[in-house]
Amino acid sequence: MKKICLLLLLLPALMGASPVSYRAVAVREYPHDPTAYTQGLFFKGDTLCESTGQYGESSFRMVDLRSGKPFRKLNFARKYFVEGSVALGGSLFILTWMNRVIFEYEAGSLKYLSTRAYPYEGWGLCTDGSSLVASDGSSKLYFINPSGFKLEKVLEVSLEGRPVRFLNELEWIDGRIWANVYTTDLIVVIDPENGEVEATVDCGGLLPQKLRTSSTDVLNGIAVSDGGAIYLTGKNWPRLYEVELEKL
């Protein structure tokens with residue numbers, strides 16, 4: 001979906017109306033590794049990047065979009081459960097779930113740079129272009145300075161006055177934070193200034209029942225290309241979808 005189209009779709013919410021409801025409609029599909037327990041998804045230039053979780057299976061991958069196969073891959077020690085990831089300012093940042101550390105790599109070469117203490121559970125991660133924006137499974141989002149790792153702001157996310165819990169994978173799209181709500185097929189679109197949900201995106205049925213197996217898990221993975229196309233997938237899904245929004 002083109003950026004200008006998305007802004008026009010969100011216009012009613014931006015003008016102070018109730019949150020607008022949309023459905024994600026697949027317009028293209030691509031192979032996705034069904035063993036990838038997707039935690040973070042983003043584009044770095046033309047390259048799709050993905051972090052995957054589970055103890056003993058955690059990785060960071062640079063993925064060929066057409067084939068779904070990684071052409072570069074970092075594997076992590078069994079003690080780490082990797083979560084969200086994002087590139088910012090020449091660095092790649094990768095969260096861990098309960099280990100209370102965040103890894104930093106050189107974004108281009110994937111050269112290891114540092115392991116830093118991290119005070120929260122690691123869930124999702126994105127960037128507004130200057131700060132890291134992280135979730136911890138609550139209704140809060142944390143804006144963190146990527147240099148000193150100092151907390152800049154805590155944003156409480158609410159939908160019509162009610163906290164939205166289980167915020168997980170994050171993506172910054174057109175000045176808004178998109179977050180999937182863990183264990184559901186719902187994505188919320190959040191104003192980063194006040195935390196209000198301006199729109200919801202229903203992703204139910206995106207992965208058809210015929211493609212589901214006993215290992216198929218929940219929706220998780222939001223990425224936007226430089227051209228403004230939005231991509232969604234899930235944990236252990238065999239497909240990744242380019243989607244457009246249909247107003248309900």
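Tyr142 is buried, as its relative accessible area is 7%. The model is a predicted one, and all values given here were computed from it. Tyr142 belongs to strand β12, which covers residues 140-144. When neighbours within four places in sequence are set aside, the contacts of Tyr142 are Tyr120, Leu132, Val133, Ala134, Asp136, Leu151, Lys153 and Val154.

Leu132, another contact of Tyr142, is located in strand β11 (residues 132-135). Its relative accessibility is 1%; Leu132 therefore counts as buried, the cut-off being under 20%. Apart from residues up to four places away in sequence, Leu132 touches Val86, Leu88, Phe93, Leu125, Cys126, Tyr142, Phe143, Ile144, Pro146 and Phe149. Leu132 and Ala117 lie 15 residues apart in sequence, with a C-alpha to C-alpha distance of 15 Å.

Lys73 was examined as a residue of strand β5 (residues 70-75). Lys73 has a relative accessible area of 43% and is partly exposed. The C-alpha atoms of Lys73 and Arg61 are separated by 4.4 Å, although the two residues are 12 positions apart along the chain.

Turning to the chain as a whole, 2 helices and 22 strands are present. The radius of gyration is 17 Å, close to the 18 Å that the globule rule gives for 248 residues, so the chain is as compact as a globular protein of that length. The C-alpha trace spans about 45 × 45 × 30 Å along its principal axes. Of the 248 residues, 54% count as buried. Among contacts with a separation of 6 or more, 51% are between residues 24 or more positions apart. The accessible surface amounts to about 10,800 Å², and carbon and sulfur atoms contribute 51% of this area.

Empty space was examined next. Rolling a probe the size of a water molecule over the atoms shows where such space is left. The structure contains 1 cavity of 30 Å³ or more. The volume of the largest cavity is about 70 Å³. Elements that give two or more residues to its lining are β1 (20-31), β3 (47-52) and β4 (59-63). The lining is formed by Tyr30, Pro31, His32, Asp33, Leu48, Glu50, Arg61, Val63, Leu65, Gly68, Pro70 and Leu240. By class, these lining residues comprise 7 nonpolar, 2 polar and 3 charged.

The largest pocket holds about 360 Å³ of space. It is lined by 17 residues, of which Phe43, Thr127, Glu171, Trp172 and Val224 are the closest to its centre. Strands β2 (38-44), β6 (82-88), β10 (125-127) and β16 (167-173) each contribute at least two residues to the lining of this pocket. The lining of the largest pocket is made up of 8 nonpolar, 4 polar and 5 charged residues.

Positive phi values were found at two residues described here. Asp174 is not a glycine, yet its phi is positive, at about 50°. Asp174 sits in the loop between β16 and β17 (176-181). With a relative accessible area of 23%, Asp174 is partly exposed. Thr183, also a residue other than glycine, has a positive phi near 75°. The position of Thr183 is in the loop between β17 and β18 (186-190). Thr183 is exposed, its relative accessible area being 55%.

Key:
Residues numbered from 1 in each chain as written. Predicted model: local features only at pLDDT ≥ 70, side-chain atom pairs only at ≥ 80, totals over all residues. Heavy atoms only, no water. 1 Å grid on protein atoms, 1.4 Å probe; cavity = no way out; pocket = protein on both sides within 12 Å on 5 of 7 lines; lining within 4 Å. Points joined across faces, edges and corners; volume = space filled by probe spheres on them. Helix = DSSP H or I, 4+ residues; strand = E, 2+ residues; numbered from the N terminus. Nonpolar A, V, L, I, M, F, W, Y, C, P; charged D, E, K, R; others polar. Rg over C-alpha atoms; globule rule 2.2 N^0.38 Å. Buried < 20%, exposed > 50% of the residue type's maximum accessible area, 1.4 Å probe, protein only. Contact = heavy atoms within 4.5 Å. Areas by Shrake-Rupley, 256 points an atom, 1.4 Å probe, with all protein chains shown as cover.
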